[in-house]
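Thanks for asking me to take a look at this one. Have the sequence and model open while you read my notes.

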Amino acid sequence: METNCFYIPDLPVFLVGFLLVYIFGYVRVFRGWGSKQQQEASSCLISLAHGTPAVLMAIHAILSTEQPRSFASANSTCQNFVLEFSIAYFLVDLLHYLVFFPNDFLFIGHHLGTLYVLITCRYVVKHGAMAILGILVLAEVTSACQNIWSLASARKKDEPTASKLHRFMSPPFYAFYSTVRGVLAPLFLYEIGVFYSSGVADNVIPRLVWISWMIVVVAGILGSMLWILNLWMELFRPRSHLEQKMVS
């Protein structure tokens, strides 16, 4: 029997909650920051409010599901709860980008793709949450580190403490992110691909749906790896220049 996990509100309740967190961050927490920093920091705040709670709730929702569990299982009530929680977050953050950064096509495309996966899993096929929540865990487990690092990066030119924190966090954060996105996520996605390509889920998750899920996730992983690779290059570039000067 499925464990009764949480009070289950409607999706609009989550939407209002994330909007309130965003507004609170914008008008109170980051009020003294520059306009662009204020907007980006407010986005980080709702990401913090989403990331770690989503990971913990997703793990709980997976473990509390009746046996036998598979990537083709019908979504449980707990799993739908987490899907709606994440849908609300991505909708609010998508609104943030559409209003303040409408030319940031990379993030807008990422959020649209993620919403497509979450919404089709929750409301269309109503199966496969085991797979999608597993991906969500791997995507959001780095969220807290990433957002703290991003906030420190935004203030490093104005606050010495933020600059020190940014320098201190960069190598371990990059290593953690690279391991999760570059090793664990592809391995887990490979397991999902093997399962779905066998055809055992075709009667509940149409082939076109799971293939589109795979395409979105692969694109997200590739984008993440390009992003972290660029950060690694920036990290070592100053050292390389310094070593060249010392040699010369």
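Here are my points, on the cavity, a surface patch and the salt bridges.

1. Ground rules. This is a predicted model, where local features need pLDDT of at least 70, side-chain atom pairs count only at pLDDT 80 or more, and totals for chains, interfaces and linings use all residues. Residues are numbered from 1 along each chain as its sequence is written, and side-chain values use heavy atoms, with hydrogens and water left out.

2. The cavity. Searching the whole structure turns up one cavity of 30 Å³ or more (a set of points on a 1 Å grid over the protein atoms alone where a 1.4 Å probe fits but cannot get out; lining residues have an atom within 4 Å of a point). The largest cavity holds about 40 Å³ of space.

3. The largest cavity is lined by A131, I132, I135, L189, I192, Y196, W210, W213, M214 and V217. Helices α5 (129-140), α7 (160-197) and α8 (207-247) each give at least two residues to that lining, with α8 providing the largest share, four residues. (Helices here are DSSP runs of H or I, at least four residues, numbered from the N terminus.) What is the lining made of: nonpolar, polar or charged residues? Ten are nonpolar, with no polar and no charged ones.

4. A greasy patch outside. On the surface, L19, I23, V27, L95, L98, V99 and F100 make up a nonpolar patch with about 570 Å² of accessible area together. (Patch residues have over 30% relative accessible area and no salt bridge, and nonpolar side chains are joined within 5 Å.) Both α1 (11-29) and α3 (77-100) give two or more residues to the patch, and α3 has the largest share, four residues. V99 sits in helix α3 and is exposed, at 53% relative accessible area (exposed is over 50%, buried under 20%, partly exposed in between, with a 1.4 Å probe and protein chains only).

5. Four salt bridges show up in the whole structure (a Lys or Arg side-chain nitrogen within 4 Å of an Asp or Glu carboxyl oxygen). One of them joins E84 and R122 at 2.9 Å, N to O. E84 is in α3 and R122 in α4 (residues 105-124), so this pair ties together parts 38 residues apart in sequence. E84 is buried at 9%, and R122 also counts as buried at 17%.

6. R155, D158 and E159 are linked by salt bridges. R155 meets D158 at 3.6 Å, N to O, and E159 at 3.6 Å. Is R155 buried or exposed? R155 is buried, at 15%, while D158 is partly exposed at 47% and E159 is partly exposed at 37%.

Terms used. 1 Å grid on protein atoms, 1.4 Å probe; cavity = no way out; pocket = protein on both sides within 12 Å on 5 of 7 lines; lining within 4 Å. Points joined across faces, edges and corners; volume = space filled by probe spheres on them. Nonpolar A, V, L, I, M, F, W, Y, C, P; charged D, E, K, R; others polar. Patch = residues over 30% accessible without salt bridge, like charges linked within 9 Å, V, L, I, M, F, W, Y side chains within 5 Å. Areas by Shrake-Rupley, 256 points an atom, 1.4 Å probe, with all protein chains shown as cover.
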